[in-house]
Amino acid sequence: MNTAPPTSCAGWSQLETLARAGADTHLRDRFARDPARGERLRFEGAGVRLDLSLQRLDDAVLAALQRLASERGLEAWREALFAGERINSTENRAAWHTALRAGARAPAEVGATIDRACAIATGLRAGTWRGASGQPIDRIINLGTGGSDLGPRLACHALGPVPSQGLGIRFASNVDPEDLGRALADSVPARTLFVIASKTFSTQETMANARAARRWLEEAHPAGTDVSGHFIAVTENIASAARFGVADALPVWDWVGGRYSVWSAVGLTLACAIGETGFREFLAGAREMDEHFLRAAPERNLPILLALTGIWNTNFLGCATHAVLPYSNRLGLLPAYLQQLEMESNGKRVDRAGREVGYATAPVVWGAEGTVGQHSFHQLLHQGTQIVPADFIVVREGPGDPEMRRILAAHASAQARALAFGLDDAALPAWRRHPGNRPSNRLELDVLDARNLGRLLALYEHKVFVQGVIWNVNSFDQWGVELGKSLAAGILSRPQGI
Ligand code: F6P
């Protein structure tokens, strides 16, 4: 497996030369010289369309990026990922989230666990699950943080019924008691079930929330009532979950990274929100993107193209941040989800050999749903001193007033065009001109359903993987979060207090 620094690759030097030669060529000029780029730089895979024509690149840059990927041994790394090899070297683990959605080819234990999660979800949706006082459950509160919260929360928001029918779904992640307080506020203890999603079952915030939930249940039931029937755990640490007291514990395995875990039983809350069929569709969509990533030629391979475009912007055009702009209210939590996926995975300053990298790795990922962000931070995107590449994520069809949907779609296109082409009118004062030449991707889905959401999230997972391969970093550990945890523990143990 190639672990040589990317800067030693011929493709890297070639890209530096290309950046010096033409990176400033304005997108207006690129289109004027090559009107066909609008068509040529559009790609489609597993139901997702990707338009790269508003990126500051051309065929020569794409070819050099592909060369870099191949020099970095992308194919071998991809094989290792799908084969479940221990590519998370600092933790000596696989990163085998693709096995979670492999359908009939999934390991037996995975299939059995998904079946169990679906059966629990079906029982809860049918009202056959009973709490300590024998009443049916009508409220599920997911207690978890990071990957044990963001994925299910995003997917429930994207796909869940509005208004929530039958089962009401809530999430509490922060250890700030007001987060759980808000989730409990309109919940009835006898009819509430908590899903404690924690791979380790030791994350302080989640466990504090779980203990507070238990107190809330106990206070509402006669003294001595066993309230463990109101908890289901999803964890690798089944023994700790049993000690806590739960009705059931669904396993996750050491090869499931937190930010890659929504496909596992961590998706239980999602299965409760959308039902077994929807959850299996979600997995099937991800599987389709896996197949595309494995089989499509690199030149038409969406995750590879998305990753390489990001490498070009970060390492050769010097862009330090990346905006995620879903033009979809239901995808409003996507920026937060991608922050963990991208920044926890590739926010690394040493490479796989422990050497300091001499190049940028993950950009700061941020964003908000369009059109809302247009009326706040888009000013900087259009006229600020920093170039912020953006992903415009557009859903073609959806429920609700078609005229409002038309307005939404028009704004997404208008923003991307304004960023790319600007407004160069000498008659205008400087503060009204737009420099343009600000790159963006357009990702398009026909509809936002479970299958397409699965495809979209898997696309981003593989983008992150490819970038980690190019940057020669381990995308699957997160040692940077540990110091703060232990310092907090030390502070908490001080007798004099904080
Ligand atoms: O602290 C970071 C982290 O380990 C994430 O990687 C993970 O998704 C989150 O905490 C939650 O961890 P757990 O599922 O073990 O509670």
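**View 1. The ligand between two domains.** Because domain 1 (6-94 + 296-482) and domain 2 (97-277) both contribute residues to the shell around the ligand, the ligand lies between them. These bounds come from an automatic or database domain assignment. The model is predicted: local features need pLDDT of at least 70, side-chain atom pairs count only at pLDDT 80 or more, and totals for chains, interfaces and linings use all residues. Residues are numbered from 1 along each chain as its sequence is written, and side-chain values use heavy atoms, with hydrogens and water left out.

**View 2. The two domains.** The centres of domain 1 and domain 2, taken over C-alpha atoms, are 33 Å apart. Domain 1 gives 31 residues to the contact and domain 2 gives 23 residues, where contact means heavy atoms within 4.5 Å.

**View 3. The shell around the ligand.** The ligand is surrounded by 14 residues, each with a heavy atom within 4 Å of it. Gly147, Ser148, Ser198, Thr200 and Thr203 are the closest. By class, the shell has 10 polar, three charged and one nonpolar residues; Asp, Glu, Lys and Arg count as charged, Ala, Val, Leu, Ile, Met, Phe, Trp, Tyr, Cys and Pro as nonpolar, and the others, Gly among them, as polar.

View 4. A polar contact here is a pair of N or O atoms within 3.5 Å. A polar side-chain atom of Ser148 is 2.7 Å from an oxygen atom of the ligand. For a side-chain N or O atom of Ser198, the distance to a ligand oxygen atom is 2.7 Å, and for one of Gln340 it is 3.2 Å. The protein covers 88% of the 390 Å² of accessible area that the ligand has on its own (Shrake-Rupley method, 1.4 Å probe).

Technical notes:
Polar contact = N/O pair within 3.5 Å; in protein donor to acceptor, adjacent residues only side chain to side chain.
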